[in-house]
Amino acid sequence: MAVLACLLAAPAPGFELRRVAHGADRYVLVELDLDHDALELRWQDGAGKSLGSIESLRAWGAARGRTLQFATNAGIYDRELRPLGLHVEDGSERRRLNTVRLPGTVGNFSMQPNGVFYVDEAGNAGVMTTQTWQARPIPARIASQSGPMLLVDGEVNPSFDPASTSRKIRSGVCAPSPRRVVFAISEVAVSFHRFASMLREDAACRDALFLDGTLSQLWTRETGYVGAAAPQLKPYVGMFAVFAPAAER
């Protein structure tokens with residue numbers, strides 16, 4: 001049975017940070033209220049260079065008089081440090097939807113179905129499969145494609161083995177309702193199945209998307225870094241971020 005361990009803080013209206021114990025596993029969840037928390041997706045600086053790290057993102061914001069409150073890595077990327085799939089930033093499509101289906105499971109992105117997390121132009125968030133997006137694309141303010149889907153219509157991805165011994169740090173995202181977004185990261189190595197089950201039972205999600213694994217980190221001003229240890233870090237391409245409102249800078 002899942003147990004809510006503790007509420008850590010409420011850094012801004014609607015911005016809830018909590019630790020969850022699900023069986024023997026531990027997670028940190030950040031829940032955003034999009035009516036108060038302006039979620040952004042950032043890849044490059046003004047010169048077109050990849051920001052690469054949360055520290056660089058924080059410095060990028062500070063140079064513009066903005067104080068970072070929350071950040072985590074976005075979806076999976078390629079060897080050229082480009083998003084592997086769809087990347088929409090400030091309403092501009094920087095990378096197209098990736099509909100290539102490789103044989104078997106060549107990496108997490110190729111596990112089916114993969115999907116897209118988005119916030120649309122009206123400020124509503126959601127997660128959908130790549131196939132659904134291809135058929136009915138959303139006019140998005142931000143969007144990031146990754147894979148695999150963790151939950152689809154309330155069901156754990158059937159390709160996940162409940163008895164799997166493949167355990168890693170894992171991060172993901174879901175939208176329990178159109179105006180609320182949950183980012184989650186494990187504090188210990190977990191399987192896909194256990195991670196997906198936690199999001200369904202503790203975050204009340206019906207559709208959820210895996211973001212990345214061993215290299216994932218989540219940062220807030222209250223917790224510092226949660227997730228991957230420093231030796232496992234690699235440059236990030238896309239990063240989700242919330243900066244403090246002007247009155248709180």
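The protein exposes about 10900 Å². Carbon and sulfur atoms supply 50% of that area. The model is predicted. It holds three helices and 18 strands. Of its 249 residues, 51% count as buried.

**Contacts across the sequence**
- Take the contacts between residues at least 6 apart in sequence: 66% of them join residues at least 24 apart.

**The five-stranded sheet**
- Five strands build an open sheet, in the order β4-β18-β5-β16-β17.
- Pairing in this sheet is antiparallel.
- The edges are β4 (39-42) and β17 (224-227). Each has a single partner strand, so one side of each is left without a neighbour in the sheet.
- On average, neighbouring strands of the sheet are turned by 20 degrees against each other, direction ignored.
- Within the sheet, β5 (residues 68-73) and β16 (residues 217-220) run antiparallel and are joined by three bridges.
- Thr 72 stands opposite Leu 218, a residue of β16.

**The cavity**
- One cavity of 30 Å³ or more turns up in a search of the whole structure.
- The largest cavity has a volume of about 40 Å³.
- Its lining includes Ala 74, Gly 75 and Ile 76.
- Pro 83, Gly 85, Leu 86 and His 87 also line the largest cavity.

**Helix α3 and the residue after it**
- Helix α3 spans residues 192-202.
- Its buried residues include Phe 192, Phe 195 and Ala 196.
- Ser 197, Met 198, Leu 199 and Asp 202 are buried in α3 as well.
- An α-helix has 3.6 residues a turn, so residues three or four places apart point the same way.
- Just after α3, Ala 204 takes a positive phi of about 60 degrees.

**The loop between β7 and β8**
- Arg 101 sits in the loop that links β7 (92-95) to β8 (115-120).
- Arg 101 has 59% relative accessibility, and therefore counts as exposed; the cut-off for exposed is over 50%.
- Arg 101 and Met 111 are 10 residues apart in sequence. In space, their C-alpha atoms are 8.7 Å apart.

How values were computed:
Residues numbered from 1 in each chain as written. Predicted model: local features only at pLDDT ≥ 70, side-chain atom pairs only at ≥ 80, totals over all residues. Heavy atoms only, no water. Pairing = 2+ DSSP bridges. Helix = DSSP H or I, 4+ residues; strand = E, 2+ residues; numbered from the N terminus. Axes fitted to C-alpha atoms, helices over the stretch in contact; angles between N-to-C directions. Buried < 20%, exposed > 50% of the residue type's maximum accessible area, 1.4 Å probe, protein only. Contact = heavy atoms within 4.5 Å. Areas by Shrake-Rupley, 256 points an atom, 1.4 Å probe, with all protein chains shown as cover. 1 Å grid on protein atoms, 1.4 Å probe; cavity = no way out; pocket = protein on both sides within 12 Å on 5 of 7 lines; lining within 4 Å. Points joined across faces, edges and corners; volume = space filled by probe spheres on them.
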